[in-house]
Amino acid sequence: MVAASDTVQLPFFRNKIGPRLKPQTRLLFEKYSGIAPEDVEAHLYNIVSVLCERFTPIRDPLPLTSNNTLTYGLKQRDRAWSLQKYPCVGQWVFLLPRMPQLPWYPDMVSRLQRGSSILDIGCCFGQDLRFLAADGVPTGNMYASDIVSTFWDLGFDLFRDKTFFNPHFIEADILDTESRLQELKGKVDIFLANQVFHLFNRERQLTMAKNLVGIGTKDVWIVGWQVGSGHGRSIPVGTTTGVPYVSSDSDTRLFHNHETWKELWQQVGEQTGTEWSVETSMQPLEEWGYEKEDTAWMGTGATGFEYMCRRVG
Ligand SMILES: C[S@@+](CC[C@H](N)C(=O)[O-])C[C@H]1O[C@@H](n2cnc3c(N)ncnc32)[C@H](O)[C@@H]1O
């Protein structure tokens, strides 16, 4: 079982920021947030230690079942504790400027500047909406959502923008078909889902995708980046597998390649009466800024995977 005190032993917890603070992100902190260049790193260490402090007082071990999967219906407190241990935070992956480097980013910016809306699903700190805001996208048409609001709240401390960054935040579970996200039905032109599908097994990815389709407009785009796999394969979640953390109760996580992603969206189309144009791209994770130690726990074949799904019918 994973106890709070084990956090630092997880394979995706790195003490040092290392090469993950890239110039594009550094610029965001300096120009958008107004933090002096010499203070940026200290500021980041401070925020992440606040995050750890907020969660670590909970000492109970996670309630794992005999086969090392989480039981459904956890208390919110335990769920929040388990959500803390994401590589995106523990490995400083949230600092990688993937968002402005997506091949579809210029199209997104221009669509949003013409008045379209965007919802960042599983937004965590909300760093990707900040890239858009810094590039001149108005925040009035931005929505953000996460299963825990703590990350979002910390985002204001991280970017020091409480007075001028005001997307509408909704705390919700993207797997829940009756959550408050239904308030946005027909109002979302672009969904951003960075590093979220890959948290779940295929069945839950299908549920999530259908949920987004139900909320989005008739010409919605669903775009993001995540960990993929050249083999397109599921990896088990559990302490015995070297992946000792859990995410929203999935027992496995499916890492996609182009074919498995297309198949998923084919099925989404069939089950929702919609049609999709799907583009993907894969790159070595090292090119994105990961170090070897960051990816060892993912097994062989892990890659960077970016996607754009455009609703065309
Ligand atoms: C790996 S992090 C990615 C965060 C951010 N999008 C990024 O790229 O840095 C996954 C995020 O999804 C959220 N999350 C996990 N399960 C969720 C669910 N069922 N519904 C909504 N958000 C969820 C987590 O709280 C976390 O902020």
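The largest nonpolar core in this predicted model comprises 69 residues, of which Ile121, Ile190, Phe191, Ile222 and Val223 touch the most other members. Strand E5 (residues 216-229) makes the greatest contribution to this core, supplying six residues. In soluble globular proteins, nonpolar side chains tend to be buried together.

Phenylalanine 191 belongs to strand E4 (residues 188-192). With 26 other C-beta atoms within 10 Å, phenylalanine 191 is classed as buried, because the threshold for that class is 20 or more. Leaving aside residues up to four places away in sequence, phenylalanine 191 is in contact with Leu119, Ile121, Leu212, Gly216, Val220 and Ile222. Under the same exclusion of residues up to four places away, isoleucine 222 touches Phe191, Ala193, Leu212 and Cys309.

The table lists C-alpha separations for phenylalanine 191 and isoleucine 235.

| Residue pair | Separation along the chain | C-alpha separation |
|---|---|---|
| Phenylalanine 191 and cysteine 309 | 118 residues | 9.8 Å |
| Isoleucine 235 and arginine 253 | 18 residues | 5.4 Å |

Strands E4 and E5 take part in an open sheet of seven strands with mixed pairing, ordered E3-E2-E1-E4-E5-E9-E8. Strand E3 (168-171) and strand E8 (276-283) form the edges; each has a single partner strand, so one side of each lacks a neighbour in the sheet. From one strand to the next, the twist averages 15°. Within this sheet, strand E1 (residues 118-121) pairs with E4 in the parallel sense over three bridges, and aspartate 120 is positioned opposite leucine 192 of E4. Helix H9 (residues 202-215) lies across E4 and E5, and its direction makes an angle of about 155° with E5.

Turning to the chain as a whole, the protein contains twelve helices and nine strands. Of its 313 residues, 41% are buried. Considering contacts between residues at least 6 apart in sequence, 76% join residues at least 24 apart.

Technical notes. Residues numbered from 1 in each chain as written. Predicted model: local features only at pLDDT ≥ 70, side-chain atom pairs only at ≥ 80, totals over all residues. Helix = DSSP H or I, 4+ residues; strand = E, 2+ residues; numbered from the N terminus. Buried ≥ 20, exposed ≤ 12 C-beta atoms within 10 Å, placed from the backbone. Contact = placed C-beta atoms within 7 Å. Core = buried A, V, L, I, M, F, W, Y, C linked by C-beta atoms within 7 Å. Pairing = 2+ DSSP bridges. Axes fitted to C-alpha atoms, helices over the stretch in contact; angles between N-to-C directions.
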